[in-house]
Amino acid sequence: MILLENILLALNGLLANKMRALLTMLGIIIGIASVIAIMTVGDSLTLSVSDQMQSMGANNIQVVLKEKTEDDEADEFGALFGSAYSSAILSEDDYFSSEMLQKFCEKCEKSIYAISISNSVGNGKIENSKNYANVSIMGGSPGYFISSDINLLAGSFFSAKDFNEGRKVALISDKAVNNLFGGDNSKALGKEIEIEISDTYVKYTIVGVYEYKNNGMMMTNMMSSDKDLMTELYIPLITANNQNKTEGYQYFSVVTKVGVDSVEFAKEIERFFEGYYRNNQNFGVAAFSMESMISAMTDMLGTITLAISVVAGIALLVGGIGVMNIMLVSITERTREIGTRKALGANNASIRVQFIVEAIIICLIGGIIGIILGLMMGTFASKLLGYPAIPSVKSIVISITFSMAIGVFFGYYPANKAAKMNPIDALRYE
């Protein structure tokens, strides 16, 4: 009953000084809203990236060439992206050869479902009268289309002859069909298209139309209209090799059979290719499963989100100091009230609880407003970035708990000061 009276007293005090109460809560509101918004966006990004990588196959294994360094322990990110910034230049002898891959498949055929190899040819523009479509040309092996999440809407995938003979056939996206053929997939099939790539014109025949899916990881496409959207145009791997005049590969993926331990098999792959690259002074081989990559990526994004949230949480400290300041002012203004209560028999504990409850109420209301504002900001930012908004229940619970803890922590000193007042001095206060 006494607690309820203290809550009602605190609410009446806030209503009597609305503007001051709002300004007092402002630091708490900003801090809580920032933390909630950041954690909502961070969780949404983490889940979206994780789903995208899961769709690539959690048990798939990426095999890449890595530059040899003094510290030869390469993590997944270093192995995957390090070669793009390596000081050593790849020569023809450094690449994975078709012969290597064939022997690898023969040795490990019980564990391998497919080998996925891709080779980028470059970007170009397909023009059809006044219409056009931007495309990124990608050559793929048969295993590439097995492991990739490509949904065919019309036509067919490449035949064995297309792959073996390196025919100039292509799969085009439905977005490109919308731009070039008014969305008529059947009209696009069998059509010959001409693309300019590095001042050279190349012709392909469309044999299939696939459904374009925005993976949420290409910022350029997120900001592009459908007219200027860059989509993949797939061609057989040998066709891409012939155009690039290359035979080797810098990386490939292994699609494992069901029941294969991808982490252990990745180590076996490294041991197999070690024989080929033992005497190579510049490059070695790194293999890692998508499962370990997903775990590493999730941990990294979680750490970044937490670090940014901690920085944003500094505003809560500022808000807490503001609460302490306004409580000290409030106690000074209500000195005679405190003296009257003590003269009527109120003990130190009841006075202390009264002002601690008031501080908690201020922080709690500010926390609730901050949570609502943070959820709105987080949802808006997530949708703006193209990710589904996923409010973090954990961050909401932590924020409410933290705001109450701030009320207790920063309200205790002013409350204790009020409790220790001499009733005679308090009654004499002007």
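The legends below describe close-up views of a predicted model.

The model is predicted, and local features require pLDDT of at least 70, side-chain atom pairs count only at pLDDT 80 or more, and totals for chains, interfaces and linings use all residues. Residues are numbered from 1 along each chain as its sequence is written, and side-chain values use heavy atoms, with hydrogens and water left out.

**View A. The largest nonpolar core, with 27 residues.** Such a core is a set of buried Ala, Val, Leu, Ile, Met, Phe, Trp, Tyr and Cys residues joined through side-chain atoms within 4.5 Å, where buried means under 20% relative accessible area (1.4 Å probe, protein chains only). Val323, Met327, Ile338, Ile351 and Phe355 have the most contacts inside this core. At least two of its residues come from each of α2 (18-55), α13 (314-333), α15 (348-385) and α16 (393-419); helices are DSSP runs of H or I, at least four residues, numbered from the N terminus. The greatest share, eight residues, is given by α15.

**View B. Surroundings of valine 323.** Beyond its neighbours within four places in sequence, Val323 is in contact with Thr24, Ile28, Ala359, Ile362 and Cys363 (contact: heavy atoms within 4.5 Å).

**View C. Strand β8 (residues 200-210) and its pairing with β5 (residues 152-155).** Strands are DSSP runs of E, at least two residues, and two of them pair if DSSP finds at least two bridges between them. The β5 and β8 strands are antiparallel, with three bridges; Ala154 lies opposite Val209 of β8.

**View D. Strands β6 (residues 169-173) and β8.** These strands run parallel and are joined by five bridges, with Ala170 bridged to Ile206 of β8.

**View E. The hairpin of β7 and β8.** Six bridges link β7 (residues 192-197) to β8 in the antiparallel sense, and Glu196 stands opposite Tyr201 of β8. Two residues lie between the strands, and Ser198 takes a positive phi near 50°.

Notes:
Buried means under 20% relative accessible area, exposed over 50%, partly exposed in between (1.4 Å probe, protein chains only).
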